[in-house]
Amino acid sequence: MYWSSGNYEAFARPRKPERADRVSAWFVGAGLASLAGAAFLVRDGQVPGERITVLERLRLPGGALDGIKEPEKGFVVRGGRELEDHMECLWDLFRSVPSLEVEGASVLDEFYWLNKDDPNFSLQRVTERRGRDAGTDNRFALNDRAQKDLVRIFLATREELEGRRIDEVFGRDFLDSNFWLYWRTMFAFEEWHGALEMKLYLHRFVHHVGGLPDLSALKFTKYNQYESMVLPLTRWLMDQGVTFRFDTEVTDIDFDLAPGRRRATRIHWEEGGRPGGTDLGEDDLVFTTIGSLTENSDNGDQHTPARLNEGPAPAWDLWRRIAAKDPAFGRPEVFCGNIPQSKWESATVTTLDRRIPEHIRRVAKRDPFSGGVVTGGIVTARDSSWLLSWTVNRQPHFKQQPSDQIVVWVYSLFVDRPGDFVRKPMQECTGEEITQEWLYHLGVPEAEIRELAASGARCVPVMMPYVTSFFLPRRAGDRPQVVPDGAVNFAFIGQFAETGRDCIFTTEYSVRTGMEAVYRLLDVERGVPEVFNSTYDVRKLLAATSRLRDGAELDLPGPEFLRKRLLHRLEATEVGALLEEFGLIDEGR
């Protein structure tokens, strides 16, 4: 397997691998990594779909990419997916998956046209004082010390940042800036999360720095992630003959571990409560999703708080059993052993009449019933004790959603702090109480909040113990390689497998691990698209530098006559032209 860029490889069709008609493939878990891996096996590996089986403990596919209407509770989404144009593997996948909405189009075509016609951007990114504009004016407000912190972390080696927290490498000037407010609420970073992950995100998305304040860097699907992404992909796989075995929990995998050679020999599972399994031969491939950010999620309802489930966690227990067999299989306890620092809670609010949407319209500055972009991403209440954020995507967010209802997603980074209206931590609140706190920060008159939360909305809170576990400080070897050294018939996929070339908590990462695993084990003669190289593009770096300085020119050191001489010498060079183009110097001054 190798990485590639450019349309020479992007448009090429690989020849059929020598083993394509002999292999059988087993995928553990039906999340996006497995669905993508199965699709690449069929499309690029040209393995007959009938020889591919997906084993899933739950009764539907999608993993963390969910979206469902629960009886008696209402609509539920545990999280949203922020997409961008340079998710190379994701779009490579969905160019081949037929749209369920548009005849003759792919999911990529449908998504591309949607975002061309209705580009995303926010008209109100940050509020304070109960729904009023916080006056951030799309500025990062990074002083010299905070800028130096960013540059130092950007240039640091990975080894320097292993095991270190964000608040150990960034000073208070940075952590009090608008940049950190935008960043942490958009990506769900906490100050105690890993500095290494922060660095990887900076490199991965440096080309989108300018779009952080107004969220114009982002693109969104038409509906929730399940209906827009999981459902068309799953249906296409079933059409190819791929078998899905739901209610099947994989409990262990056996391995033959010899010097220089590792082989999976048996999968153990329980199906419908009955033990079972299958032996694995030389041409049986197994792709295992390890860990789970949504494991042990618990849904509350309008009158019941969501519960923090710290009990047995099947996905993590499976990885623990596997990891105990070989140090190369990772260290799951690094990620699942600190629930207080990996948990947070979200809630799905469904409005039942037009009273609340009028308040949404006032803050978002758009009609929530228009069918187009509404908030353009999250709106953060900067002075919220919970650090509460909320978003209204294009409506309807569910195909079966009544036309007079709006679905709102709410989440908080500080779930164990008392609220400003409810005076209780979010993790102790019912759906109705969470709605009250959100309405308070939306600017609803206090006298109306309780009645409006009770009769004007229905809310389903969701507590997720492990949702940011992959952000916890880590070191090399804590995550296993997608294909460990010497592995001949197995791979690890998903957010806790290590590719070394991307950052986690993205749909792209899941798809990339599935693609790398298939291409490596089947020896597909086509390159995996490399991560977009913006971190090596001087134009992207200069554009980011200008935005991080809020448009301020570079302050060249030394006396005035020396600065003028330096600018004059730069004037006739490409470097000078670039610095002037991106507003970092003014040669006419």
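Which side-chain oxygen reaches the backbone nitrogen of Arg-145 at the start of H5? In this predicted model, a side-chain oxygen of Asn-143 comes to within 3.2 Å of that nitrogen.

**Helix H5**

H5 covers residues 144-155 and has 12 residues. From its first C-alpha to its last it reaches 17 Å. That is close to the 16 Å expected at 1.5 Å a residue.

The buried residues of H5 are Ala-146, Gln-147, Asp-149, Leu-150, Ile-153 and Phe-154. Seen down the helix axis, they fall within an arc of 155 degrees, so they line one face of H5. The face turned away from this buried side carries the exposed residues Asp-144, Arg-145, Lys-148 and Leu-155.

What covers the buried residues of H5? The cover includes helices H6 (158-161), H7 (166-169), H8 (172-175), H9 (178-187) and H10 (195-204). Helix H18 (538-548) is also included.

**Strand S2**

S2 spans residues 24-28. Five of its five residues are buried, so the strand is largely enclosed by the rest of the structure. Ser-24, Trp-26 and Val-28 point one way from S2. Ala-25 and Phe-27 point the other way.

Which strands pair with S2? The table lists them.

| Partner of S2 | Residues | Sense | Bridges |
|---|---|---|---|
| S12 | 284-289 | parallel | five |
| S3 | 52-55 | parallel | four |

Trp-26 has Val-286 as its bridge partner in S12. Val-28 stands opposite Leu-55 in S3. Between S2 and S3 the chain crosses through helix H2 (residues 32-43). This β-α-β crossover is right-handed.

**Val-528**

Is Val-528 buried or exposed? Val-528 is buried, with a relative accessible area of 0%. Its place is in strand S20 (residues 528-529).

Which residues does Val-528 touch, not counting those up to four places away in sequence? Met-1, Tyr-2, Trp-3 and Ser-4 are among them. Cys-89 is another contact. Arg-512, Met-515, Glu-516 and Tyr-519 complete the list.

Val-528 can also be placed relative to Phe-287. The two are 241 residues apart in sequence. In space they are 17 Å apart, C-alpha to C-alpha.

Terms used. Residues numbered from 1 in each chain as written. Predicted model: local features only at pLDDT ≥ 70, side-chain atom pairs only at ≥ 80, totals over all residues. Heavy atoms only, no water. Helix = DSSP H or I, 4+ residues; strand = E, 2+ residues; numbered from the N terminus. Expected span 1.5 Å × (residues − 1). Buried < 20%, exposed > 50% of the residue type's maximum accessible area, 1.4 Å probe, protein only. Arc of directions from axis to C-beta. Contact = heavy atoms within 4.5 Å. Polar contact = N/O pair within 3.5 Å; in protein donor to acceptor, adjacent residues only side chain to side chain. Pairing = 2+ DSSP bridges. Right-handed = clockwise from strand over helix to strand, strands pointing away.
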